[in-house]
Amino acid sequence: MKRVFKVLFLGVALFMLSGVANAQVKIAHVNTAEILDAMPDKAKAEKNLEKYYDELQNQLQAMAKEYQTKMQDYEANQATMSNLVKQSKEKEIVDLQTRIQQFQVNAENEFEAKRAELLKPMLDKIQNAINTVGKEKGYTYILDLATGAAVYVGDNAVDCTKDVKAKLGITK
């Protein structure tokens, strides 16, 4: 009887383990930065970005040169200027300073937008390839080593957000 019980227990244990093995979570990782760097289109995008950056720098240098010229003129002729002319020149200089600062902020934003625009097609290709590999290989999650984020979440992934909210007493 003990032997039958042991065999039955072993059979149930093996059955349960096979069920656990079938529900196994498969996790992989990828380095999207490495993939992006290896893409042939990246060199072309970087050249375009460098050209755009140079254009912005040239414009900024021209504005800085204009500012320097106005300052030198103001400092050289300030003693002979009437108050009205002096105030007008000071306002021009302050306005130019403001334009330069605003240009710098806008240039940074435009550069980042241009970068995103140029990289988007390559990033989309990478994401599509990750999705395909994830489905083909049956991964539950693929994590990106470059960003530390999950870049693929399979159909058999478990979302425990509601459970964690409930544990914290959050009802939304």
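**Close-up 1. Hairpin of strands S2 and S3 in the predicted model.** The hairpin formed by S2 and S3 has five residues between its strands, and Gly148 adopts a positive phi near 80° there. This view, like those that follow, is taken from a predicted model. Strand S2 comprises residues 141–144 and strand S3 residues 150–153; the two pair in the antiparallel sense over three bridges. Tyr141 has Val153 of S3 as its bridge partner, while Ile142 stands opposite Tyr152, also in S3.

**Close-up 2. Pairing of strand S1 with strand S2.** Strand S1, residues 27–30, runs parallel to S2 and is joined to that strand by four bridges. Within this pairing, Ile27 stands opposite Tyr141 of S2, and the bridge partner of Val30 is Asp144, likewise in S2.

**Close-up 3. The open sheet and the faces of strand S2.** Three strands in the order S1-S2-S3 make up an open sheet with mixed pairing. S1 and S3 are the edge strands, each pairing on one side only. Averaged over the sheet and with direction ignored, neighbouring strands are turned by 20° against each other. In a regular strand, side chains alternate between the two faces of the sheet. In S2, Ile142 and Asp144 form the covered face, whereas Tyr141 and Leu143 form the uncovered one. Helix H4 lies across S1, S2 and S3, and its course makes an angle of about 45° with S3.

**Close-up 4. Packing of helix H3 with helix H4.** Two packed helices are described by the angle between their axes and the distance between the axes. Helix H3 spans residues 40–77 and helix H4 residues 83–137; their axes come within 10 Å and cross at roughly 175°. Because angles over 145 degrees count as roughly antiparallel, H3 and H4 are roughly antiparallel to each other. The residues of this contact divide into 19 nonpolar, four polar and 14 charged.

Close-up 5. Ile93 belongs to helix H4. Its relative accessibility is 7%, and Ile93 therefore counts as buried, the cut-off being under 20%. When residues up to four places away in sequence are not counted, Ile93 touches Tyr67, Lys70, Met71 and Tyr74. Glu66 lies 27 residues from Ile93 along the chain, and the C-alpha atoms of these two residues are separated by 9.5 Å.

**Close-up 6. Helix H5 and the glycine that follows.** Helix H5, residues 161–168, is hardly covered: among its eight residues, the count of buried residues is zero. Just after H5, Gly169 takes a positive phi of about 80°. A positive phi is also found in the hairpin of S2 and S3, where Gly148 has a value near 80°.

Terms used
Residues are numbered from 1 along each chain as its sequence is written. This is a predicted model: local features need pLDDT of at least 70, side-chain atom pairs count only at pLDDT 80 or more; totals for chains, interfaces and linings use all residues. Side-chain values use heavy atoms; hydrogens and water are left out. Axes are lines fitted to C-alpha atoms, for helices over the stretch in contact, and angles run from 0 to 180 degrees between N-to-C directions. Angles under 35 degrees count as roughly parallel, over 145 as roughly antiparallel, 65 to 115 as roughly perpendicular and the rest as oblique. Ala, Val, Leu, Ile, Met, Phe, Trp, Tyr, Cys and Pro count as nonpolar, Asp, Glu, Lys and Arg as charged, and the others, Gly among them, as polar. Two strands pair if DSSP finds at least two bridges between them. Buried means under 20% relative accessible area, exposed over 50%, partly exposed in between (1.4 Å probe, protein chains only). Contact means heavy atoms within 4.5 Å.
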